[in-house]
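I opened this model to look up its sheet, its helices and its pocket. My entries follow.

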Amino acid sequence: MTTSQLPAAILFDLDGTLVDSEPLWSASERAMADRHGSRWTEDDARSTIGKPLVVTIAEMRALGLPLTADEALTELLDVMVGHHSHGVTWMPGVETLLATIGEAKLPAAIVSASFRRVIDSVLAAAPEGAFQESVAGDEVHANKPEPEPYLTAASRLGVAIEDSLVIEDSVSGATSGVTAGAHVLVVPSNVEQLDEFERLGVSLTDSLERIGVDELARLHSGERLRLGIA
């Protein structure tokens, strides 16, 4: 198989797609709310998956978090970077897929609503050379679900967004990829949102363990895949 049959680049979301960090974010948010006498439930945390961090903080403050936005951001980022400094837990299939991409010499980027500090803490734990670029949520004017993050990543890699594959887990991120013009594969973090993913017209898989060179080529050709999703 020639590289012309494969995507020009693979653009990965971070939390819940590359790294099993959504439970860490939720637990860290709830712990911060508890420390400051506020409330933040599991449902509250789940409702903000894939959204910019500033949105999460705004919603926490609306529920009574007695911190400024800057104070809350700093505290939460400190906690998450501390978690990642001890290593990261990759989502199933990620390490094998990164090796496959590397062997095919396909450029890859992390495109996240998380801030630069968090992305850098994950990059420090990633296989050497796995990612050629990264775009953080505090580096764009309009975050996901707007298209700017993925358009920025493709531009930095010097590839056409139409020839790129976005891999996401959330409706917000998938919307960003679709609106940008990329092929989009979703590993849903919330199966209750399958109808929304269907409306977006994206490909679906229950795990990146199902994605190899053949699947990358099929996605690049425009085929809409549904793997392991009932």
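**Central strand**

I began with S1 and S4, which pair in the parallel sense over four bridges. Two strands pair here if DSSP finds at least two bridges between them. Helices (H or I, at least four residues) and strands (E, at least two) are DSSP runs, numbered from the N terminus. This is a predicted model: local features need pLDDT of at least 70, side-chain atom pairs count only at pLDDT 80 or more, and totals for chains, interfaces and linings use all residues. Residues are numbered from 1 along each chain as its sequence is written, and side-chain values use heavy atoms, with hydrogens and water left out.

I then looked up the partners of Ile 10: Leu 165 in S4 and Ala 108 in S2. S1 and S2 run parallel, joined by three bridges. Are the residues on the two faces of S1 buried or exposed? Ala 9 and Leu 11 on one side, and Ile 10 and Phe 12 on the other, are all buried (under 20% relative accessible area; exposed is over 50%, partly exposed in between; 1.4 Å probe, protein chains only).

**Whole sheet**

I read the strand order as S3-S2-S1-S4-S5-S6-S7, an open sheet of seven strands with parallel pairing. S3 (133-135) and S7 (226-227) stand at the edges with a single partner strand each, so one side of each has no neighbour in the sheet. Two bridges join S6 (203-205) to S7, and Leu 204 stands opposite Arg 226.

**Helix H8**

Seven of the ten residues of H8 (171-180) are buried, so the helix is largely enclosed by the rest of the structure. Among them are Val 171, Ser 176 and Ala 180. I found the buried residues packing against H7, S4, S5 (183-186) and H9 (194-200), where contact means heavy atoms within 4.5 Å. Gly 181 follows H8 and has a positive phi, near 110 degrees.

**Largest pocket**

What is the volume of the largest pocket? I noted about 340 Å³, the space filled by probe spheres set on grid points joined across faces, edges and corners. On a 1 Å grid over the protein atoms alone, a pocket is an open set of points where a 1.4 Å probe fits, with protein on both sides within 12 Å along at least five of seven lines; lining residues have an atom within 4 Å of a point.

The lining has 21 residues, and Gly 16, Asp 20, Glu 22, Met 91 and Ser 189 lie nearest the centre. H1 gives the largest share, four residues.
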